[in-house]
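Let's learn to read a few side-chain features together. Please look at the sequence and structure below.

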Amino acid sequence: MSNDAILSALKPAFTSGMSIPTLAQLLVDGGDSRITLDTYGVNKYGCTVEPQSTQDSSFAFGSATASTISQRGFAAANRVYQQIVEAYRDKKEYSLYSLYEQEMQSLRQELKQLCQTGDAVDVAFAASGTDLHLIVSQLFSGASSSPSMIVMVEAGETGSSVPAALQGLHFSDCAALGEPVSPGQQVGQFGVSELVNIALREADGKPRAAGDIDREIEALVTQACHHNKRVLLVLADVTKTGMIGPSVQCALALRNQFPDQLEVLVDACQFRLTNATLNAYLDQQFLVAVTGSKFISGPSFSGALFFPPEAAIRYRQQTAPAGLYAYSSRADWPASWTGMDGLQKKANVGLLVRWVAAMAELRAFRSLPDDAINQFVQAFRRAVLTYFDAHSGLTLLPVPVPDRQVLATTPGWDQWPTIFPFVLHHASGEPLSRDQTMLVYRRLQNEKRMQVGQPVTCGVCQQIPVSALRLCLSARLITAALSDVTDIRSGGNKADEIIAKAMEVLDAARQLSLLRDS
């Protein structure tokens, strides 16, 4: 798509005196304040609603936080946008909703096909990963009047608003369907569930032993179930820094021990999973939450929730909780979910255009050979590890290798890390503070046009509270890397260029941290 065509799509359209939203406006509509653009035309994550130049996009290593929409994604969104314009011109609200319902069903079917889930799996859409946690907590709370408890890993590794969402509280001042809400206020009629957070890291930022985390969670869940409580266990795969917690084995053992009291939600909102891993979780009857805006690198705010067959049967007849009214449209759910008939028939076209853009990225990624993806992910990892071994001024944060062996799937590219968190240091060896790290992050973004994952709090080092930046691989980068080669070992190709760009980003971060000493 040419730049002229893109600019044309961003201009307002007017018909008979009625203003029609631009595509740019829709891309930041139907979410919450986190995607509202500031005076510089970027959202909270530093992303614009326009595709960047080739030069800027080549330094896009921040997918663990967010990505600016690509040329490919924008072109796909623009195609459905033309249909949206026609629906607006019809001046009938049901025409827009009918289009939305049709397109969301098409997205649902394609997502299931691309993920090879089979027809028995159901999918619901939502504005964000946080919205997905709210939806699950409302469904879980509404399924029984028994007291409940929610167990999750620390919010710093998942999302700052996730605890509120899981407890059924508003987490922003605006809900996905546009209604003003009050943060911290109860969403629906269900009381706030007991919420327990489990730390994944020690005070100094080092990962806790997996066995210690599992034992703590096992004790909590066992005690709750023995007191006739129902438990929602949130298994993070993977967190902001690439960790899994609790272990998959722990979640499986607890589900087998308490099949009638325990529901497991896999928070895979980073979507750094192969199809084999996703389907292995669904085979275990775990709910799985994903987004199209992290690894897949679509625009910010596009969530999807996979319901395995048993859960779909269990929830589809349940009357829609009142707490979902401001967050979920009827068309966000499969037609067979008759319990959702009471939801608003409202078109969240912002969610639609963002998912269409994300699906274009996923479609391109899923067309790649698995072996080639695996080769590139390993080559990227080797290059990153070699860089950290050879350079002072920055330290790779320890992250355990993803362990899903208990799922008994064929090992794929997701056995290797695609998020590399690192801490910056002064020339003296003293780590940068959290505020100093944030300044480096902003300078990388604003001055160097380089994107890395936002700083994540990771403990105290030398009595200084520190944060880690994150160098991330995305589906878009992998697709670009493999666009002109079948074997990355041949050298002199796009894969080498992307790895070289990643090293430039690390160089720039290191130099900015050392400049603070001069």
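Q: Are aspartate 32 and arginine 34 buried or exposed?

A: Welcome! This is a predicted model, where local features need pLDDT of at least 70, side-chain atom pairs count only at pLDDT 80 or more, and totals for chains, interfaces and linings use all residues. Residues are numbered from 1 along each chain as its sequence is written, and side-chain values use heavy atoms, with hydrogens and water left out. Buried means under 20% relative accessible area, exposed over 50%, and partly exposed in between (1.4 Å probe, protein chains only). Aspartate 32 and arginine 34 are both buried.

Q: What do the side chains of aspartate 32 and arginine 34 meet in?

A: Side chains of opposite charge can pair when their charged atoms come close. A salt bridge is a side-chain nitrogen of Lys or Arg within 4 Å of a carboxyl oxygen of Asp or Glu. Aspartate 32 and arginine 34 form one, at 2.9 Å from N to O. The whole structure holds 16 salt bridges.

Q: Which residue forms a salt bridge with glutamate 361?

A: Arginine 476 does, with the closest N and O atoms 3.7 Å apart. Both glutamate 361 and arginine 476 are buried. Arg72 joins Glu361 and Arg476 in a network of salt bridges.

Q: How many disulfides are there?

A: A disulfide is a covalent bond between the sulfur atoms of two cysteines. The rule here asks for a pair of cysteine sulfur atoms within 2.5 Å, and the count is zero.
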